[in-house]
Amino acid sequence: MRYASYFIPTHKEVPSDAEIISHQLMVRAGMIRKLTSGTYTYLPAGLRAIRKVEAIIREEMNRAGAIELLMPAVQPAELWQESGRWEHYGRELLRFRDRHDREVCFGPTHEEVITDLVRREIHSYKQMPVNLYQIQTKFRDEIRPRFGLMRAREFIMKDAYSFDVDEEGANRSYEAMYEAYSRIFQRCGLRFRAVEADTGTIGGRYSHEFMVLAETGEDQIVNCTACAYAANLERAEVRCEETGPVSETDRLLPVATVETPGVRSVEDVAAFLSVSPEQVVKTLILTVDDRPVAVLIRGDHDLNEAKVRNLLGAEAVELASEAVVEETTGAPMGFAGPVGLGIPVVADHAIKGMGNFVTGANQKDRHQIHVNLNRDFHVDKFGDLRVVTPGDPCPRCGAPIEFKRGIEVGHIFKLGTKYSRAMNAVFLNREGKEAPIIMGCYGIGVGRTVAAAIEQNHDADGIIFPIPIAPFEATILPLQMHDEKVMEAAEAVYAELIDRGVDVLLDDRDERAGVKFNDADLLGIPIRITLGAKGLKSGRAEIKMRPEPDSLFVPLDTAASFVKDKVKTLYDSIK
């Protein structure tokens, strides 16, 4: 490829609306351009990197036995209503009407479409297992799209769906995808970790996120310093210490209601009543599938809504509105308590070991002190409902845990029969009986993977691409464009590298040397070959590896073979 006839519009200035480094560098390197909020045009250099990620994905998916197809982007509302997700998915689902006034959506994911296809075509256990995948544009109407390709509304995604006759087969399919994903991200040259994750709006019973490790990552990862346990913050378990309720012999004090004018937050209540936040129990009113539920957690802990959803088997969980809180408790927000509530009450395990604690009184400007479990109120269900903290031990082995930051690039799910039961995707088993198909689904954000690679690999001068996903493996920089010998040498090395199968960019622009060096570094091209009149007099070419500070000088007649060997070495280093 020749730079002068290609399209790489680089910029020196950092775009004002770009908050993170991958967004800044992809715009500056001429890889993407914003059309409107959360939607981008992929420019040639950016598209080359994306296509290289797609090629790796295809190779590994095919190797794992998956079969590629392509499904429609626009989906009828009837399928989503059949699965039950039309209302529960939320406003991220872009809904509209076609010319016949039929409700449709632009697919953010394709569980309904693939289930509909399979229920029409697969009827016997003999037709499974099967795994079908696609690479396609999706749309999620994010309320606040940001970070460039990291959280865009329109994006490229690889999604796959497995279909099995039983749990044993579904587990094999899941493990095959787990291994395929590990190979994909390893081949992309990324440092990553597979962590246990919540299933969210996709549903199912079990999932793993594949996280690229980066200090700028928006997700917290919790992992054990001693064993293999790792999870995202939403999924991370809290080790349940076996503590029962406070007994009568522990001197339970009589409950009392006290005035707390204008005091709402845990910190203010604790200070006003001269207690620690650990002695306060927060009563949070949540709307769980459109009904109010009270959730109790210790004052110094934070609620994990995903854990509440999982504990109650709910579709949607959110903090109740102020109107619902007042209707349910008889008091404004900040004064709810469990005593006398006429709604279901669930509590975090930590509440079991507490006694004589402080709660809201369900009256404005009042709290209750010396409240005790079982004597003053009852809990319908206990569970792990809080966010893990750095001081918590590993839930598996008890060793210390540590927090890291990561960027989600892939997510795999065990769906079970969530969609097949709802949409009647059944088959005849070996006994001739009808049974629901066992499903799994597996997604990779393609553009997000490129952005995550940049977040993990950059310096003050620009991108440092891992060679498998770099737009070009090498670039040739002739410094004196009007020197015939320099251009002859550049053309000869360029032709030989192409013959040797190297993906090379010849910078044949009539620009200053500094401009060419800066653009090569900005684009993150792994190998730079500089040819100048001074070097040619001694028969040498200058070779510089992008992340290394110093250059190498090699004989001009061996420069192409040297670069080819370096390319092979870089690929071998990440296998």
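This is a predicted model: local features need pLDDT of at least 70, side-chain atom pairs count only at pLDDT 80 or more; totals for chains, interfaces and linings use all residues.

Visitor: How many aromatic pairs does a search of the whole structure find?
Guide: Rings count as a pair when their centres lie within 6.5 Å. Phe185 and Phe210 pass that test, at 5.9 Å centre to centre. Searching the whole structure this way gives a total of eleven.

Visitor: Are the planes of Phe185 and Phe210 stacked, edge-to-face or tilted?
Guide: Under 30 degrees would be stacked and over 60 edge-to-face, with the rest called tilted. The planes of Phe185 and Phe210 stand 35 degrees apart, so by that rule the pair is tilted.

Visitor: Which elements does that pair link, and how many residues apart are Phe185 and Phe210?
Guide: Phe185 sits in helix H6, while Phe210 belongs to strand E10, residues 206–213. The pair links distant parts of the chain, with a separation of 25 residues.

Visitor: Is Phe185 buried or exposed, and what about Phe210?
Guide: The cut-off for buried is under 20% relative accessible area. Phe185 has 1% and Phe210 has 0%. Both values fall under the cut-off, so Phe185 and Phe210 are buried.

Visitor: Helix H6 also packs against H2; are H2 and H6 roughly parallel or antiparallel?
Guide: H2 covers residues 44–63 and H6 covers 167–187, and their axes are 9 Å apart. The packing angle is about 150 degrees, and anything over 145 counts as roughly antiparallel. H2 and H6 are therefore roughly antiparallel.

Visitor: Is the crossing of H2 and H6 left-handed or right-handed, and which residues make the contact?
Guide: H2 passes H6 in a right-handed crossing. From H6 come Met177, Ala180, Tyr181, Arg183, Ile184 and Arg187. The H2 side supplies Ile56, Ile57, Glu59, Glu60, Met61 and Arg63.

Visitor: How many residues of helix H11 are buried?
Guide: H11 runs over residues 446–456 and is mostly covered. The buried ones include Arg448 and Glu455, along with Val450 and Ile454.

Visitor: Where is Gly330, and is Gly330 buried or exposed?
Guide: Gly330 lies in the loop between helix H9 (322–329) and strand E17 (345–348). Leaving out residues up to four places away in sequence, Gly330 touches Val325 and Asn362. Its relative accessibility is 58%, and since exposed means over 50%, Gly330 counts as exposed.

Visitor: Which residues does Ala4 touch?
Guide: Ala4 is in the segment before helix H1 (21–28). At 49% relative accessibility, Ala4 counts as partly exposed. Setting aside residues up to four places away in sequence, Ala4 touches Asp508 and Arg509.

Visitor: Zooming out, what share of the protein's residues is buried?
Guide: The protein comes to 15 helices and 31 strands, and its C-alpha atoms fill a box of roughly 95 × 65 × 50 Å along the principal axes. Among contacts between residues at least 6 apart in sequence, 69% join residues at least 24 apart. Of the 575 residues, the buried share is 52%.

Technical notes:
Residues are numbered from 1 along each chain as its sequence is written. Side-chain values use heavy atoms; hydrogens and water are left out. Axes are lines fitted to C-alpha atoms, for helices over the stretch in contact, and angles run from 0 to 180 degrees between N-to-C directions. Helices (H or I, at least four residues) and strands (E, at least two) are DSSP runs, numbered from the N terminus. Angles under 35 degrees count as roughly parallel, over 145 as roughly antiparallel, 65 to 115 as roughly perpendicular and the rest as oblique. A crossing is left-handed if the near helix is turned anticlockwise from the far one by less than a right angle, and right-handed if clockwise. Contact means heavy atoms within 4.5 Å. Rings of Phe, Tyr and Trp (its six-membered ring) pair if their centres lie within 6.5 Å; planes under 30 degrees apart count as stacked, over 60 as edge-to-face and the rest as tilted. Buried means under 20% relative accessible area, exposed over 50%, partly exposed in between (1.4 Å probe, protein chains only).
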